[in-house]
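Please examine the sequence and the coordinates before reading on.

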Amino acid sequence: MTSTQLAWLIRRHGIEMTHLSGGSHIGAVLSVADILGVLYAGILHYDSQNPNWDGRDRLIMSKGHAGAAVYAALAESGFFDPAELKTHYANGSRLSGHVSHHLPGVDFSTGSLGHGLSAAAGMALAAKQDGKHHRVFAVLGDGECDEGAVWEAALFANHYRLENLVAVIDHNHMQSLDTCENTLELEDFGAKWRAFGWHVVTVDGHDHPALQAALADTRNPGHKPTAVIANTVKGKGVSFMENDILWHYRFPHDGWEYDGAVTQLHRVIPDGITDPYTPEGIPNPVQPGPGADIGNDHSTSAGWHPTYFDRRD
């Protein structure tokens, strides 16, 4: 399977999983889909029939709230039956809302942001000390990089020259309730990682050849850990979700939201794959009505007004 095919399937599964479960974070799933598509289709060394193979590369989905994306990537890569994806968020399911190690192919449960890079750095150090040659990848969110533990891990990784460690940051410029810059300024983001001693590569996070080139060989003369800052679009692939913070927590509801998302994905379906849920698309998709919530600014800063706290009673 090509990275383009896999990325499309991650998006399609993500729409279905959050739709069926009423789960959150479809915007984050869509933004990271190309990163995971490239990683699982052409970068990571793994054996889906032997998930604990010692020579495998390790991947920690540190932005664990986008777990639907990594579940879809694992299922389509042969770790478990894709039919199980429909149980996402269900009581008793292995597919919890945040990434769970109970699934084959998952090395570390995540969801409490800021922890993934620390665990990845420990794995990378252990591999280096044991003379092993696999790499360790941590996929972080940009909002997650507000966490101090991320920068402690960054210092640690540079100190021990963990050239086998790669942090991939899904830099979609939005977090939780607002933009990253309105929440806590990140820029100059690349300069921060360089100041902590990392080799830094900045790419378009939806450009598969660019991601492939950045991730294929991260060795560098200084034996530095590598940070790949992948500039992405929150909600990428569904126009009414793109760059709208509403879709950090909202899921595609029955009607125009679900129908519109599926229809837009079908317009760009790659050759060689079939939609596992609606093979022919949706024949008569429901259209958004005049009151549809599209194109509105749902960020906290847009709705903020100082008089809310001008209480004199």
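**Nonpolar cores and aromatic pairs**

Leaving aside residues up to four places away in sequence, Leu36 is in contact with Leu6, Ile10, Met61, Ala69, Val70 and Val139. The model in which these contacts occur is predicted. Leu36 and Leu39 touch the most other members of the largest nonpolar core, which has 59 residues. Helix H2 (residues 26–43) supplies the largest share of this core, twelve residues. In soluble globular proteins, nonpolar side chains tend to be buried together.

The structure contains nine aromatic pairs. One of them is tilted, because the ring centres of Tyr46 and Phe79 are 5.4 Å apart and the ring planes stand at 40°. Tyr46 belongs to the loop between H2 and strand E1 (58–61), and Phe79 to the loop between helix H3 (67–76) and helix H4 (116–129), so this pair ties together parts 33 residues apart in sequence. Tyr46 is partly exposed, with a relative accessible area of 27%, whereas Phe79 counts as buried at 11% relative accessibility.

The rings of Trp151 and Trp193 also make a tilted pair, since their centres lie 4.7 Å apart and their planes are at 45°. Here helix H5 (residues 148–159), which carries Trp151, is linked to helix H7 (residues 189–195), which carries Trp193; the two residues are 42 residues apart. Both Trp151 and Trp193 are buried. Together with Phe189, Phe196 and Trp198, they form one aromatic cluster.

A charged side chain also meets a ring: Arg94 lies over the face of Phe80, 6.0 Å from the ring centre.

Methods: Residues are numbered from 1 along each chain as its sequence is written. This is a predicted model: local features need pLDDT of at least 70, side-chain atom pairs count only at pLDDT 80 or more; totals for chains, interfaces and linings use all residues. Side-chain values use heavy atoms; hydrogens and water are left out. A nonpolar core is a set of buried Ala, Val, Leu, Ile, Met, Phe, Trp, Tyr and Cys residues joined through side-chain atoms within 4.5 Å. Buried means under 20% relative accessible area, exposed over 50%, partly exposed in between (1.4 Å probe, protein chains only). Helices (H or I, at least four residues) and strands (E, at least two) are DSSP runs, numbered from the N terminus. Contact means heavy atoms within 4.5 Å. Rings of Phe, Tyr and Trp (its six-membered ring) pair if their centres lie within 6.5 Å; planes under 30 degrees apart count as stacked, over 60 as edge-to-face and the rest as tilted. A charge sits over a ring if NZ of Lys or CZ of Arg is within 6 Å of the ring centre and within 35 degrees of the ring normal.
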